[in-house]
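Please open the model in a viewer and keep the selection panel at hand.

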Amino acid sequence: MTYILCPEEYVEDGAVYTVTGEDDSEILLIFDEKSDAERYSLYLEHYDEPPYKIIEIDKELLIELCEVQGYTYSIITKNHLVLPIDS
């Protein structure tokens, strides 16, 4: 299983949290560890972002969905630390 962030108020709509890449593409962050997703969500709150819900989802299914739909994604493994930037 893997974890993604969804804006709490839009979970039912299927909205997910993404970051903007250097080429202005939207990148879905996929966390291997729930604790990393929780930490990232707390940092977002620090930057006055709306609250996010952590959703557990099958990793292979999520990757397949991204590839079929042409979405860009990044897998955050337990050996990587990713923090939101203050924009």
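The stops below cover a helix, several single residues, a pocket and a cavity.

**Before starting**

This is a predicted model, in which local features need pLDDT of at least 70 and side-chain atom pairs count only at pLDDT 80 or more, while totals for chains, interfaces and linings use all residues. Residues are numbered from 1 along each chain as its sequence is written, and side-chain values use heavy atoms, with hydrogens and water left out.

**Stop 1: helix 2**

Select residues 59-69, which form helix 2. Helices (H or I, at least four residues) and strands (E, at least two) are DSSP runs, numbered from the N terminus. Colour Leu62, Ile63 and Cys66, the buried residues of this helix. Here buried means under 20% relative accessible area, exposed over 50%, and partly exposed in between (1.4 Å probe, protein chains only). Turn the view to look down the axis of helix 2: its buried residues fall within an arc of 95 degrees, so they line one face of the helix. The arc is that of the directions from the helix axis to the C-beta atoms.

On the other side of helix 2, select Glu60, Leu61, Glu64 and Val68, which are exposed. Next, display strand 1 (2-7), strand 3 (26-31), strand 4 (52-57) and strand 5 (72-76), which are among the elements that cover the buried residues of helix 2. Contact in this sense means heavy atoms within 4.5 Å.

Then examine the two ends. At the start of helix 2, a side-chain oxygen of aspartate 58 comes to within 3.3 Å of the backbone nitrogen of glutamate 60. Such a polar contact is a pair of N or O atoms within 3.5 Å; within protein, one must be able to donate a hydrogen and the other to accept it, and residues adjacent in sequence count only if both atoms are side-chain atoms. Just after helix 2, glycine 70 has a positive phi of about 80 degrees.

**Stop 2: strand 1**

Select threonine 2, which lies in strand 1. Is threonine 2 buried or exposed? Threonine 2 counts as buried because its relative accessible area is 0%. Its side chain reaches the backbone oxygen of phenylalanine 31 at 2.7 Å. Not counting residues up to four places away in sequence, threonine 2 touches several residues, among them Ile55, Ile57, Asp58 and Leu62.

Now move to leucine 5, also found in strand 1. Leucine 5 is buried, with a relative accessible area of 1%. Leaving aside neighbours within four places in sequence, leucine 5 is in contact with residues including Val16, Phe31, Ala37, Tyr40 and Leu44. A distance drawn from the C-alpha atom of leucine 5 to that of aspartate 36, 31 residues apart along the chain, gives 11 Å.

**Stop 3: the second largest pocket**

Select Ile4, Val16, Thr18, Glu26, Leu28, Ile57, Leu62, Leu65, Cys66, Gly70, Tyr71 and Thr72, which line the second largest pocket. On a 1 Å grid over the protein atoms alone, a pocket is an open set of points with protein on both sides within 12 Å along at least five of seven lines, whereas a cavity is a set of points where a 1.4 Å probe fits but cannot get out; lining residues have an atom within 4 Å of a point. The volume of this pocket is about 160 Å³. Grid points are joined across faces, edges and corners, and a volume is the space filled by probe spheres set on the points.

Which element supplies the largest share of this lining? Helix 2 does, with three residues.

**Stop 4: the largest cavity**

Select Phe31, Asp36, Arg39, Tyr40, Ile76, His80, Leu81 and Val82, the lining of the largest cavity. This cavity holds about 40 Å³ of space. Helix 1 (residues 34-46) gives the most to its lining, with three residues.

**Stop 5: serine 25**

Select serine 25, in the loop between strand 2 (18-20) and strand 3. Its side chain makes a polar contact with the side chain of aspartate 23 (2.7 Å). Serine 25 and threonine 72 are 47 residues apart in sequence and 7.6 Å apart in space, C-alpha to C-alpha.

**Stop 6: isoleucine 85**

Finish at isoleucine 85, in the segment after strand 5. Isoleucine 85 counts as exposed, at 71% relative accessibility.
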